[in-house]
Amino acid sequence: MPSSPSRSLETFDNPTPARDYTIRMRIPEFTCLCPVTGQPDFATLHLEYVPETTCVELKSLKLYIWSYRDEGAFHEAVTNQILSDLVAATAPRFMRLTAEFWVRGGIDTTVIAEHRAEDWQPAPRVDLP
């Protein structure tokens, strides 16, 4: 196999650090295991962030996400762990991770976790006509 799961997150220099801009990623194939039953849990992750000096490199993110496939984790814990690891790797101005877990036993779960740098304030929202 040419690659394997990894908890290492690689980064690259933000090409436009003087400007606030948003990077959005949709990760529709997240899987982990239910820590109670051992059955697979499936989720779509939505990552949004405003980078400071670095951005996360996509292949390393894919391998990082893959590393959870055989790990037991509660939805709340895994969402917050992923956010913490991404914040530690990139030190963004702002980051939000939304994890939409598929229905299990008639219940679907969405967990939203956020990070905001202490000295960062978002620009006012612009609503165009």
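This is a predicted model: local features need pLDDT of at least 70, side-chain atom pairs count only at pLDDT 80 or more; totals for chains, interfaces and linings use all residues.
Student: Which pattern does the chain follow when read along the sequence?

Tutor: The secondary structure consists of two helices and six strands. Read along the sequence, these elements follow the pattern β-β-β-β-α-α-β-β.

Student: Among contacts between residues at least 6 apart in sequence, what percentage join residues at least 24 apart?

Tutor: The chain has 129 residues, of which 38% count as buried. Its C-alpha trace spans about 45 × 40 × 30 Å along the principal axes. Among contacts between residues at least 6 apart in sequence, the share that joins residues at least 24 apart is 67%.

Student: At the start of H1, which residue has a side-chain oxygen that reaches the backbone nitrogen of Lys59?

Tutor: Helix H1 covers residues 58-66. At its start, the backbone nitrogen of Lys59 has within 3.0 Å a side-chain oxygen that belongs to Glu57.

Student: What covers the buried residues of H1?

Tutor: The buried residues of H1 are Ser60, Leu61, Leu63, Tyr64 and Ile65. The elements that cover them include strand S2 (23-33), S3, S4 and H2.

Student: With which side chain does the side chain of Ser67 make a polar contact?

Tutor: Ser67 is found in the loop between helix H1 and helix H2. Its relative accessible area is 17%, and because buried means under 20%, Ser67 is buried. Not counting residues up to four places away in sequence, Ser67 touches Pro5, Ser6 and Arg7. Its side chain reaches the backbone oxygen of Tyr64 at 2.5 Å, and it makes a polar contact, at 2.5 Å, with the side chain of Arg7.

Student: How does the span of H2 compare with the expected value, and what is that value?

Tutor: H2 has 16 residues, and the distance from its first C-alpha to its last is 23 Å. At 1.5 Å a residue, this is close to the expected 22 Å.

Student: What arc around the axis do the buried residues of H2 cover?

Tutor: The buried residues of H2 are His75, Val78, Thr79, Ile82, Leu83, Leu86, Val87 and Thr90. They lie on the same side of H2, because the arc that they cover around the axis is only 165°.

Student: What is the relative accessibility of Ala77?

Tutor: Ala77 has its place in helix H2. Ala77 counts as partly exposed, with a relative accessibility of 45%.

Student: Which residue has its backbone oxygen 3.0 Å from a polar atom of the side chain of Thr54?

Tutor: Thr54 has its place in strand S4 (residues 54-56) and counts as buried at 14% relative accessibility. Leaving aside neighbours within four places in sequence, its contacts are Thr11, Phe12, Asn14, Tyr49, Ala89 and Thr90. The backbone oxygen 3.0 Å from a polar atom of its side chain belongs to Thr90.

Student: Which strand supplies the largest share of the lining of the largest pocket?

Tutor: The largest pocket has a volume of about 350 Å³. It is lined by 14 residues, and the closest to its centre are Thr22, Arg24, Val50, Phe94 and Trp120. Strand S3 (40-50), S5 and strand S6 (107-116) each supply at least two residues of the lining. The largest share, three residues, comes from S3.

How values were computed. Residues are numbered from 1 along each chain as its sequence is written. Side-chain values use heavy atoms; hydrogens and water are left out. Helices (H or I, at least four residues) and strands (E, at least two) are DSSP runs, numbered from the N terminus. Buried means under 20% relative accessible area, exposed over 50%, partly exposed in between (1.4 Å probe, protein chains only). A polar contact is a pair of N or O atoms within 3.5 Å; within protein, one must be able to donate a hydrogen and the other to accept it, and residues adjacent in sequence count only if both atoms are side-chain atoms. Contact means heavy atoms within 4.5 Å. The expected span of a helix is 1.5 Å times one less than its number of residues. The arc is that of the directions from the helix axis to the C-beta atoms. On a 1 Å grid over the protein atoms alone, a cavity is a set of points where a 1.4 Å probe fits but cannot get out, and a pocket is an open set with protein on both sides within 12 Å along at least five of seven lines; lining residues have an atom within 4 Å of a point. Grid points are joined across faces, edges and corners, and a volume is the space filled by probe spheres set on the points.
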